[in-house]
Amino acid sequence: MDEQRQPLIEFKGVSKTFGTRNILDKIDFSIYEGEVTTLIGLSGTGKSVTLKHIIGMLKPDEGEILFRGKAIDKMSKAEWNDYIGQIAYMFQSNALFDSLTVFENVAMPLKYASKLKKKEIEEKAMARIEQTELTEVFDKYPSEISGGMQKRAALARALVTDPGIVLFDEPTTGQDPIRKNAILGMVAEYQKRFGFTALLISHEIPDVYFISNRILALYGRKIVFQGNPEEFESLDHPFRQELISSLESLGEELTGLYSKRHFKVRYQSDLSQRHPDASYAAAVFTIDDLDTITQNIGHDMAQQIIRSLGAYINKHFGAVGGFSSRQTINEYATVLPYSNIEESERILVDFTKDFKEHGIEDIEEHEIWELDPNLENEDPTGEYVEFSVLAGLAQGKPQIEIESVMEFARFNQKEIARFRCARGGKAQ
Amino acid sequence: MADNSTVEAATEPAAAKPSKGFIKSFFDFFGGRTLRLNNDLGAMAIFFFRSFIMIFRIKQIPEIIAQIYFIGAKSAQIVLLVGFFTGMVLGLQLYFVLVKFGSVGVLGTAIALTLIREMGPVLAAIMITARAGSAMTAEIGIQRISEQIDALSTMRIDPLGYLVSPRIAAAVISFPILTTFFDLIGIIGAWFSGCLLLGVNSGTYFYRVVASTGIDDIMGGYYKSIVFGLLVVTICCFQGFFTHMRTDSFGAKSVSLSTTSAVVISCVMILVSDYVVTSFIV
């Protein structure tokens, strides 16, 4: 598949040495248009160095970097300007100008590197500030806002020129789990909305799998893997022990649930010992309309909801020996190896009751409450955003593939709770 | 015998190291330094010319005005203070020299020519270096180590055009103005000590100041102040801009050392170039 496509950016045998220290040793990889590609690797292995080669801040000692098949070091000045004009770079340290306000920082690339008029610059910069939820702090200096806001300001500045390629150098460093996932969600959302090609460096395994089309693994000065996240999860390579084990915790940081890989490992270890005719139950939960929450209320709220649901799934199903994992951004899978379908239905009823009463908590700025299906729930004012949680159960046997059982559980899904959330603040 | 062989064995590695000899060491040391100096001067010249060319752009005007405020207006107080006391000291010293020869009438001439031709441009430049030059190095140095300068490059904004060009333009405008302030307040300071405190006739003093000062003297002072301005800004910005290339330190320490170097080199270069420019204009 990849071989048939023309790479947008291609590294061919690129090497880089600083003094006597070799950082990159003849690395080869490709980045494809419109995709999110994530470069993972341990600290100090040359990930940022790789990124800086793309924007010409560093030159390779050997090898070449191609953009749409053309070597960037052989480009004419006009071609280079056209190429570099398509790229935005978000620094690990944000690199915001601390003597300029958030607005001035965001407007900077337009002010000095475009021919737009002052009014157009203001409109464009303010639009990006609004999209990144920084309207309240647009006139503040970077030192006056939180780390998460600084990240978003850097993101707004990177996106203000409508770039075709955005390079993110560890955008989630130093953030709490909610913020980390909110930033990754933001990258994914903007990538879908604006259609740019994203290359990001991240250590957030497995969270980063949810937003990545391709994974590149840099290890021992070489790219040892390039492919999709599914292939990466099943990869058998010696670097896994060192790289993945050190980066991937047993549980996903946001929800506390198993990563997809550990979920599969647990499934195999628990059920391979069982009799082939023994049965188990599986449940699939989905948060419907999560995109609406993201767009109308914000990424932080969406991540709070994801975390909250994960915590309740763990609480109810973990207590009876079940184990769970987040499969996609808004879907969770649970296996109850020692429960039959009737028992799991009872647990689901208890879960639903508890979740409806206490489910989405700890929200400071917005209030969420459950909608009563028997009452009139129309919202003519449009002040509220609704989302629902779906759940489905299925019975499986050890010899059946887990994917087939989950597919059946998806088929059985029905709405177990619907919530309404005020757009701009407290509920009435 | 055994003892001797032990001593020989112990000293063998040291003896194996070939000695360079005095002449080779001499040329190694001074040759290396000369080559490094040559490289630095070349880099600084390229740095200056690339920055200078980018002054002439419409978008620079607001930045230049902001820098004139920072380098010029904000330095005015300290320049005026130092100028006044320098004038007072000069008035005092020259009075007691001239009084021995019965020539206190030419106090105005001595003060005006000393300040306008020499002390005004030099002392004003040193004061601006101390106040604004050090701040420039520190600011640009911090921007360098916090990747803000790299960020400019990724935004297709030329860092030299954005950071250095407005400062060069502002220095060319501010240095002569501040030198003028220094000269004027120095003349008033000397009048204060010479006329008000020591009794020289005020009319004679100001007549001599005006009569003995020619346009060549004033222009000579301005030429010097422009040269000093270009030197100070180039050196200070260069030190800050390449603070990450220092081999003796990293991070905040490198900014601190760059700032010290910028002030020391600027002050030395002011005095060296003062001699060179003076030799051309006298």
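1. Let's start with one residue. A:N94 sits in the loop between strand 6 (87-90) and helix 3 (102-113) of chain A. Helices (H or I, at least four residues) and strands (E, at least two) are DSSP runs, numbered from the N terminus. The phi of A:N94 is near 75°, a positive value in a residue other than glycine. Most residues other than glycine have a negative phi. Is A:N94 buried or exposed? A:N94 counts as buried, because it has 24 C-beta neighbours inside 10 Å. The cut-offs go like this: a residue is buried if 20 or more other C-beta atoms lie within 10 Å of its own, exposed if 12 or fewer, and partly exposed in between, with C-beta atoms placed from the backbone.

2. A word on what you're looking at. This is a predicted model, in which local features need pLDDT of at least 70 and side-chain atom pairs count only at pLDDT 80 or more, while totals for chains, interfaces and linings use all residues. Residues are numbered from 1 along each chain as its sequence is written, and chains are lettered from A and ligands numbered from 1 in the order in which they are written.

3. Now chain A as a whole. Chain A holds 13 helices and 16 strands. Of its 428 residues, 42% count as buried. Take the contacts in chain A between residues at least 6 apart in sequence: 73% of them join residues at least 24 apart. Two residues are in contact if their C-beta atoms, placed from the backbone, lie within 7 Å.

4. Chain A also comes in parts. It is divided into domain 1 (2-247) and domain 2 (260-422), with bounds that come from an automatic or database domain assignment. The centres of the two domains, taken over C-alpha atoms, are 33 Å apart. How many residues of domain 1 of chain A are in contact with domain 2 of chain A? Ten residues of domain 1 are in contact with twelve residues of domain 2. On the domain 1 side, the largest share comes from helix 6 (residues 177-194) of chain A, with six residues. By class, that side has five nonpolar, two polar and three charged residues. Here Ala, Val, Leu, Ile, Met, Phe, Trp, Tyr, Cys and Pro count as nonpolar, Asp, Glu, Lys and Arg as charged, and the others, Gly among them, as polar.

5. Have a look at strand 8 (residues 197-201) of chain A, where five of its five residues are buried. A:T197, A:L199 and A:I201 point one way from the strand, and A:A198 and A:L200 point the other way. Which strands pair with it? Strand 3 (residues 36-40) of chain A pairs with strand 8 in the parallel sense over four bridges, and A:L39 stands opposite A:I201. Strand 7 (residues 165-169) of chain A also runs parallel to strand 8, joined to it by five bridges, and there A:V166 is the bridge partner of A:A198. Two strands pair if DSSP finds at least two bridges between them.

6. One more residue in chain A is A:E345, in helix 12 (residues 341-358). A:E345 counts as partly exposed, because it has 13 C-beta neighbours inside 10 Å. A:E345 and A:F225 are 120 residues apart along the chain, and 42 Å separate their C-alpha atoms.

7. Over to chain B, which has ten helices and zero strands. Why is chain B called more spread out than a compact globule? Its radius of gyration is 25 Å, well over the 19 Å that the globule rule gives for 282 residues, so chain B is more spread out than a compact globule. The radius is taken over C-alpha atoms, and the rule is 2.2 Å times the number of residues to the power 0.38. Along its principal axes, the C-alpha trace of chain B spans about 95 × 60 × 30 Å. Buried residues make up 39% of chain B. Residues 24 or more positions apart account for 87% of the contacts in chain B with a separation of 6 or more.

8. Finally, where the chains meet. Twelve residues of chain B are in contact with 13 residues of chain A. Helix 6 (residues 148-154) of chain B gives the most to the chain B side, with five residues. That side has four nonpolar, four polar and four charged residues.

9. B:R156 has a positive phi of about 60° although it is not a glycine. B:R156 counts as partly exposed, because it has 16 C-beta neighbours inside 10 Å.
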